[in-house]
Amino acid sequence: MLRIHSLGLALTLLVLMAGVLWAQDTTNQEDPALEPEIAAPVVEDPNVSAAEQMMEQITAPSDSPAYEEWARVAARAEHALETGRASDQALEALRAEVDEWRSRFAAARDENKVRIAALRNQIAALPEAPAEGETESDTLAAQRAQLQEQLSELETPVRAAEVAFARADTIISAIDDLLRSRQTAELFTIGPSPVNPSHWSEAASDIADTFNQAWRGTIGSIETDSQRTQFRRALIPVIILFVIAFVLIVRGRSWVINAGVRVRSRGDGPARGVWSFLISLGQMVVPLLGLLAALLALGMSGLMGLRGQLISELILAVGVNLIVARWLGSRVFGLPGAEWQVLNLGKIARAEGRLEAALLGFAYGAYQLVHELAAFEGYSEATTAVLELPVIVFAGVLMVRLGRLLLNHRESVEGEGEDEGPNFIDRTLSLAGRLLMIVGIVGPIMAALGYAILAGTVVFNTALSFAMIGFLLVLHGFFVDLWGMIRGGTTQDAREALTPVLASLVSVILSVPFFALIWGARETDLWEIWGTVMRGVTFGETVISPTDIVFLIIVFLIGVALTRLIQGMLKTTVLPKTKMDIGGRNAITSGIGYLGIFLAAVIAITSVGINLSSLAVVFGALSVGIGFGLQNIVSNFVSGIILLIERPISEGDWITVGTEMGIVKDISVRSTRIETFDRTDVVIPNSDLISGVVTNYTRGNRVGRLVIDIGVAYGSDTHRVAEILKEIVMDHPMVTVNPEPQVGFMEFGADALMFQIRAILSDVFFILNVRDELNHAIAKKFSEEGIEIPFAQRDLWIRNPESLHGPVARESGATGVRNAEPDDPRRDPDHGTEPEAWEAPDGD
């Protein structure tokens, strides 16, 4: 439900403007073969070379603006603004004329940019101008003066264009402000009250006169011989068009609905939703084609007078609004058996919502009919207010009922959810329902008080806004189904994906101009904003436009892609063929990655004309902030660079840092990730690796030492024990021969004779397996040789042993059982438990 007349007029103007511009381009283009050559100028001044005179002809502006004519236009516009008596149409025409001049001045500002930049660079390349009291050579001074003169000549028209552009821009801003102030004043102007019965007879008389004149115009056309002849010639095509229109309007929508039902019955999943949405568009297209056929038939008949033709077009516009609103209502509230309704309502409520949405579209079309007809006939304000009041009241009632349905949706969602409450969309719809009800009540009241324009604007602009919101919600459902069909997943998976949300966000951004048009913004306002954005934002001497930003992003992405390509080539093709270890190769690829991203950013920034020297102040401020607030991050960053250059550790090394031991898995600029032997990841800041103590068990190679302590019982043959241990350790394949393992008789222990095995393993990562295998072999060999591996033994001597069993013998006798004493803690008088028996230990 958009403004069909205004948007259609805008599209028509755009097509006409494109045609005019194309015609101008084709007429201004000349055949390159017939382009005249630049003849060498006649050298009149012997001090100026022919090449310089030719350059002046080339760089001179060929179509510079006529500033005298512009001065007259500007003076006329400023006079109209000062008096304030010009109509809105006159101001719009004056604005368009001034805007055309502003475009010329904008083009004139960009002339000779290359030549001016070249001259400035030439002047900058010269030595600095001498200070006061100093001199320089005559040749250098003449060259400097000549360049300055040429630069001044080229910059003079540019400065004139800048001044004229500023004046035109100020005039356009003043015109826009005046038009907006008039629009605001018109909204809050109170007019005749439509509830005053004295205005009803005038309104009835005016509307009756309009239809009588339309009828007389039609009768007059029929009575004209030429019109009757034209009608007889077009009778058959008119009948055919009316039949087509009747069939498409009456039966077309049901055909499309049946087609959608067949699609839903054959498919399943997101694909069914996509095809249902696409087929449902036929519910609009087919009846609209029928209306177009009816309008064409009326035009071909030639029987309609001027007013009759206007009324028929307005009635067809009402039909267009009705058709579009009915389709949107069916998508938001859902048809019977459909699964794609936006609101969660019952069957009766959904049918009511579809009907009320269609009637609200009809009400908007009727309001447009009354407004356009009143403007054409020149109705008084009282007549217009009386005719608009029933339409506004009808629309207000529909909005109140629709708001109640939105509140019912919130209540149904709250009733279904147990733990989770309504989401953001549900809460927004609830708030929207209250807003609809408030507008539906306040709008008719304002119209009855005489604020007819304000009431119509508030009521129907709110309705149009909600129609746009409903369309965006329907479009989001389509994006969800489309993404699910593309990815091949379920509808629930597509709803949880990010891509449909981003697509809906883009559609919301693109809908902002339509919301602005709905709420009274003029097309010129939007074009003015667009022009301001495209002209860019000025930072010092640099102007950054959206095209520059897009170009910057593209250049940066290309640089990053080339960096990743070079990294991949080095990592997979070049570096594996060198003798570098994996740590060195990773350091080179990481360094190239950081350098490539830095160069890509610098090239992208300079490619759009941003001078990096102008960012020196920003970088200085950032350095101060880094020094105070980001010192830990900077410390880790510098430590990471040191690790990548010196490479004290590499990926795959077995290290110990503080209390953490594990295998190095990744070394980044800020931190290093190690995987412990219990399969947990530990992230260690690089500064800890540089400033702390790090034990690297596999630096350079994977050779490591194994130490095993063994104790044998006193009385064992120590020489035989040493020989057995030496044989066992020498037979293991992981133990190196050079240096050969050592077995030593270390000490006389408290419980055993202590021996120690010291062996070098070719791969220290297998130290646990080697220890396990050697211990098994030692235990087996000692058992065969009868060598005992002792365990700790202790002798317990008790002073006065008779004090332990004397009382027990007297109380319990030979049974070794005694009763608990009265104060025994094992007795529980509260629970009446019997004392537990105590058995004497063996041997007492």
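Good morning. I begin at the surface, where Leu 235, Ile 236, Ile 239, Ile 240, Val 243 and Ile 244 form a nonpolar patch with about 530 Å² of accessible area together. A patch here takes residues with over 30% relative accessible area and no salt bridge, joining nonpolar side chains (Val, Leu, Ile, Met, Phe, Trp, Tyr) within 5 Å and like charges within 9 Å. Accessible areas come from the Shrake-Rupley method with a 1.4 Å probe, and for residues only the protein chains shown count as cover.

The model is a predicted one, in which local features need pLDDT of at least 70 and side-chain atom pairs count only at pLDDT 80 or more, while totals for chains, interfaces and linings use all residues. Residues are numbered from 1 along each chain as its sequence is written, and side-chain values use heavy atoms, with hydrogens and water left out.

Helices (H or I, at least four residues) and strands (E, at least two) are DSSP runs numbered from the N terminus. Ile 244 is partly exposed at a relative accessible area of 40%, and Leu 235 is partly exposed at 33%. The class lies between buried, under 20% relative accessible area, and exposed, over 50% (1.4 Å probe, protein chains only). Leu 235 is 9.3 Å from Ala 297, C-alpha to C-alpha, although the two are 62 residues apart in sequence.

Next, the chain as a whole. It has 27 helices and 12 strands, and 34% of its 844 residues count as buried. Its accessible surface comes to about 51,000 Å², with 62% belonging to carbon and sulfur atoms.

The chain averages 79, and 81% of the residues score at least 70.

I turn now to the salt bridges, of which the structure holds 26. The criterion is a side-chain nitrogen of Lys or Arg within 4 Å of a carboxyl oxygen of Asp or Glu. Arg 95 pairs with Glu 528, the closest N and O atoms being 3.0 Å apart. Arg 95 lies in helix H4 (residues 88-109) and Glu 528 in helix H19 (residues 523-535), so the bridge ties together parts 433 residues apart in sequence. Both residues are buried, and both belong to a network of salt bridges that also includes Glu 92, Asp 99, Arg 102 and Asp 169.

A second pair, Asp 763 and Arg 702, has its closest N and O atoms 3.3 Å apart. Asp 763 is in the loop between E10 and helix H26 (767-785), and Arg 702 in the loop between strands E7 (694-696) and E8 (704-712), so this pair ties together parts 61 residues apart in sequence. Asp 763 is buried at 13% relative accessibility, whereas Arg 702 is partly exposed at 41%.

Finally, Glu 675 and Arg 679 meet in a salt bridge at 2.8 Å, N to O. Glu 675 is buried at 18% relative accessibility, and Arg 679 is exposed at 67%. Thank you.

Methods:
pLDDT is the predictor's confidence in each residue, from 0 to 100.
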